[in-house]
Protein chains: 2
Amino acid sequence: MTSSASNLLNPVAGPVELTRQLCNIASVSGDERGIADAVEAVLRDHAPHLTVTRDGDTLIARTELGRDRRVALAGHLDTVPINENLPVRNETDPETGDAVIWGRGTVDMKAGVAVQLALAVELTQPAVDLTWIWYDHEEVASELSGLGRAMRNHPELFGADFAILGEPSNGTIEGGCNGTLRARVTMRGKRAHSARSWMGENAIHRAGALLAKLDVFTPERITVDGLEYREGLNAVRIEGGVAGNVIPDHVSFDVNYRFAPSRSAEEAIAYVREFFAGADEVEIVDLAAGARPGLDDPLAQGFVAAVGETPTAKLGWTDVARFSALGIPAVNFGPGNPLLAHADDERVPIRQIEASMRSLRDWLTATS
Amino acid sequence: MTSSASNLLNPVAGPVELTRQLCNIASVSGDERGIADAVEAVLRDHAPHLTVTRDGDTLIARTELGRDRRVALAGHLDTVPINENLPVRNETDPETGDAVIWGRGTVDMKAGVAVQLALAVELTQPAVDLTWIWYDHEEVASELSGLGRAMRNHPELFGADFAILGEPSNGTIEGGCNGTLRARVTMRGKRAHSARSWMGENAIHRAGALLAKLDVFTPERITVDGLEYREGLNAVRIEGGVAGNVIPDHVSFDVNYRFAPSRSAEEAIAYVREFFAGADEVEIVDLAAGARPGLDDPLAQGFVAAVGETPTAKLGWTDVARFSALGIPAVNFGPGNPLLAHADDERVPIRQIEASMRSLRDWLTATS
């Protein structure tokens with residue numbers, strides 16, 4: 001940590017200004033050292049009530065008040081690549097008229113981190129023990145995740161009764177997440193010259209029935225802990241053929257199955273294998289289980305009441321699944337429209353930053 | 001022409017020995033100058049009754065006897081690349097027990113050229129006028145064809161009532177040829193994140209119905225001038241998709257339609273457009289019309305009688321279609337199994353060379 005790093009962030013300026021400051025520290029995945037240094041400096045200088053552990057560019061900061069229950073709050077420090085959208089600037093949203101902060105990272109997810117960091121400094125006597133986690137390498141391949149690495153290196157720091165991930169959710173609670181599975185479906189045939197096509201068997205033609213089945217299929221909607229999860233089953237890529245005058249003996253298509261968190265990984269595999277029972281081969285290429293929302297817990301119900309809006313299901317896979325895998329119910333809650341994540345014109349409404357701050361503060365100080 | 005070229009080929013040694021000599025002059029497409037020189041030397045030295053024209057490495061040699069009718073006989077001089085299969089050698093066919101000449105070019109189509117060249121020298125007083133054509137660049141892209149070039153440069157030399165192409169046909173008559181058409185069929189959709197697939201439209205799924213239609217489709221068998229042509233309609237390549245988490249907005253598949261010579265090129269296009277009427281786009285990529293066998297002509301019937309075997313339909317596209325495009329009925333007739341063309345172990349039965357020589361001689365001397 002350099003001594004100048006402490007000057008980059010000022011937590012007492014409030015979460016809106018802190019959002020601007022966090023965004024303007026460029027922190028594309030793999031380049032999080034500067035921002036992790038700055039956050040660590042804030043904790044050392046302004047939060048003596050927290051016990052801080054650093055693992056690479058991930059920081060874990062805990063209260064140790066001996067409360068009955070503990071809540072973990074986590075956010076990633078990295079962004080997708082910058083594209084002429086830094087430094088951030090103040091704008092009026094062209095669609096909603098809201099005052100917004102515009103630029104890379106505003107939505108995904110520096111505003112969420114700003115709310116967390118401001119509260120980490122402010123809440124010296126929360127009603128529950130708190131574990132704040134800011135981590136690196138979220139926007140890249142799953143195996144690089146700083147959260148996953150820190151969980152493996154320091155499992156003793158991650159015990160909690162409930163977890164909140166600060167991913168953008170328009171300041172509402174998006175519970176759990178769908179799982180995701182990718183499979184490669186293959187049909188085989190027999191090569192022949194296309195002038196004598198009856199000597200062969202056309203693999204591409206054989207795939208037609210399965211693709212037509214997908215075309216008319218209506219994926220399920222499944223209610224889990226009160227939230228409705230909408231599934232999806234889609235071919236996302238296809239490739240086959242040998243040459244312009246050869247009957248193809250091979251075609252493969254990749255399928256992405258987004259499945260409700262009530263299904264286990266094994267059940268998702270069985271579902272896909274049964275759907276494509278007519279295929280010659282179904283290879284599971286990638287698999288990440290979903291996460292139940294866990295909103296039946298009284299602790300979570302207090303949070304729902306503090307936010308004051310009806311929770312909805314999170315459809316995309318997020319790191320809540322990493323908490324779920326540790327047995328910790330987890331939800332997404334943060335300012336910003338998730339549909340603008342990664343967009344070059346991402347922008348976060350100032351009122352959502354302030355409202356998220358208030359809801360979290362109310363709940364974390366009132367929970368008993 | 002070099003003076004030594006005349007020593008490479010000896011037409012009076014008969015077509016079997018001449019096959020060996022022709023094969024052993026390496027003549028992969030683009031490298032036909034040496035063999036064209038050798039053939040030209042034979043004509044100058046042994047066939048003063050023929051009028052010879054050279055166009056690049058193509059030779060046209062005509063009788064000018066004032067006969068009522070004229071037959072064209074053509075063969076290409078080039079081969080596909082050599083693969084440790086020259087010089088040729090004498091073998092016994094492992095499957096049939098026949099005495100064969102083994103090596104590159106034996107089937108496709110030096111044996112056919114040998115029969116033609118031997119007869120060109122021998123038949124000083126044929127019953128019909130004859131046009132002998134030996135040409136370059138058959139085994140490569142159609143636009144390089146020496147036959148096509150010579151037809152454009154010297155149309156006055158190509159008039160004929162019937163044409164015989166010496167392509168391998170096991171010494172039987174394979175009449176005409178199917179046409180071939182390639183089309184690119186495209187389906188479109190709308191991109192969306194695969195976690196929210198209902199926001200998009202899956203182009204790959206939309207292709208399913210058309211591929212399934214191909215899978216259950218039975219192509220037609222069509223009788224033309226007494227020969228049955230079997231059609232084929234096949235997807236030969238498919239490609240689509242954006243990324244593993246994106247609903248694809250585009251898929252294209254290439255279709256090869258092999259169509260009977262009773263259909264014109266325009267009819268073949270209409271057939272494909274109607275079959276794929278459900279597609280968003282059908283682009284015709286490549287098209288070559290077929291050729292009717294023309295076996296209803298009395299001249300052709302005399303040839304059928306001389307060969308003594310029932311003619312069959314040629315399925316693959318060959319240069320007979322170039323004669324057909326000039327209004328000249330054309331058939332394939334040559335020694336060698338067409339299924340061995342381009343095979344590294346191509347080999348021609350000696351008895352087929354001799355039988356082809358006899359049939360052609362009988363007919364060309366007896367036709368009135």
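## Helix packing, dimer contact and backbone exceptions

In helix H2 of chain B, B:Ile35, B:Val39, B:Val42, B:Leu43 and B:His46 meet B:Lys110, B:Leu117 and B:Val121 of H3(B). By class, this contact of H2(B) with H3(B) holds 6 nonpolar residues, 1 polar and 1 charged. The model is a predicted one.

H2(B) spans residues 33-46 and H3(B) spans residues 106-122. Their axes come within 10 Å and cross at roughly 20°. Angles under 35 degrees count as roughly parallel. H2(B) and H3(B) are therefore roughly parallel to each other. The crossing of H2(B) with H3(B) is right-handed.

Helix H7 of chain B, residues 298-307, packs with helix H9 of chain B, residues 350-366. The angle is about 140°, and the axes lie 9 Å apart. H7(B) and H9(B) are therefore oblique to each other. H7(B) and H9(B) make a right-handed crossing.

Which residues of H7(B) and H9(B) meet? H7(B) brings B:Leu299, B:Gly302, B:Phe303, B:Ala306 and B:Val307. H9(B) brings B:Ser359, B:Leu360 and B:Trp363. The residues of this contact of H7(B) with H9(B) divide into 6 nonpolar and 2 polar, with no charged ones.

### How the two chains meet

Chain B superposes on chain A by a rotation of 179°, with 0.3 Å of shift along the axis. The RMSD of that superposition is 0.3 Å. This is therefore the relation of a two-fold axis. The same surface serves both copies, since 100% of the contact residues of chain B recur in chain A.

How many residues does each chain give to the contact? Chain B gives 42 residues and chain A gives 43 residues. The size of an interface is often given as the accessible area lost when the parts come together. Here the area buried between chain B and chain A is about 3,400 Å². Carbon and sulfur atoms give 58% of that area. Within chain B, the residues that lose the most area to chain A are B:Trp198, B:His205 and B:Ile238. Together these three make up 19% of what the chain B side buries.

### Backbone exceptions

Most residues other than glycine have a negative phi, and most peptide bonds are trans.

| Site | Feature | Value |
|---|---|---|
| A:Leu86 and A:Pro87 | cis peptide bond | omega about -5° |
| A:Asp108 and A:Met109 | cis peptide bond | omega about -10° |
| A:His137 | positive phi | near 60° |
| B:His342 | positive phi | about 75° |

Where do these sites lie? A:Pro87 is in the loop between strand S3 (70-76) and strand S4 (89-92) of chain A. A:Met109 is placed in a helix, H3 of chain A, residues 106-122.

The residues with positive phi are in loops. A:His137 is in the loop between strand S6 (129-135) and helix H4 (146-153) of chain A. B:His342 is in the loop between strand S16 (330-332) and strand S17 (347-349) of chain B. A:His137 is a residue other than glycine, and B:His342 is not a glycine either.

Notes
Residues are numbered from 1 along each chain as its sequence is written. Chains are lettered from A and ligands numbered from 1 in the order in which they are written. This is a predicted model: local features need pLDDT of at least 70, side-chain atom pairs count only at pLDDT 80 or more; totals for chains, interfaces and linings use all residues. Side-chain values use heavy atoms; hydrogens and water are left out. Axes are lines fitted to C-alpha atoms, for helices over the stretch in contact, and angles run from 0 to 180 degrees between N-to-C directions. Helices (H or I, at least four residues) and strands (E, at least two) are DSSP runs, numbered from the N terminus. Angles under 35 degrees count as roughly parallel, over 145 as roughly antiparallel, 65 to 115 as roughly perpendicular and the rest as oblique. A crossing is left-handed if the near helix is turned anticlockwise from the far one by less than a right angle, and right-handed if clockwise. Contact means heavy atoms within 4.5 Å. Ala, Val, Leu, Ile, Met, Phe, Trp, Tyr, Cys and Pro count as nonpolar, Asp, Glu, Lys and Arg as charged, and the others, Gly among them, as polar. Copies are superposed by least squares on the C-alpha atoms of residues with pLDDT of at least 70 in both. Buried area is the accessible area (1.4 Å probe) that two parts lose on being put together, summed over both.
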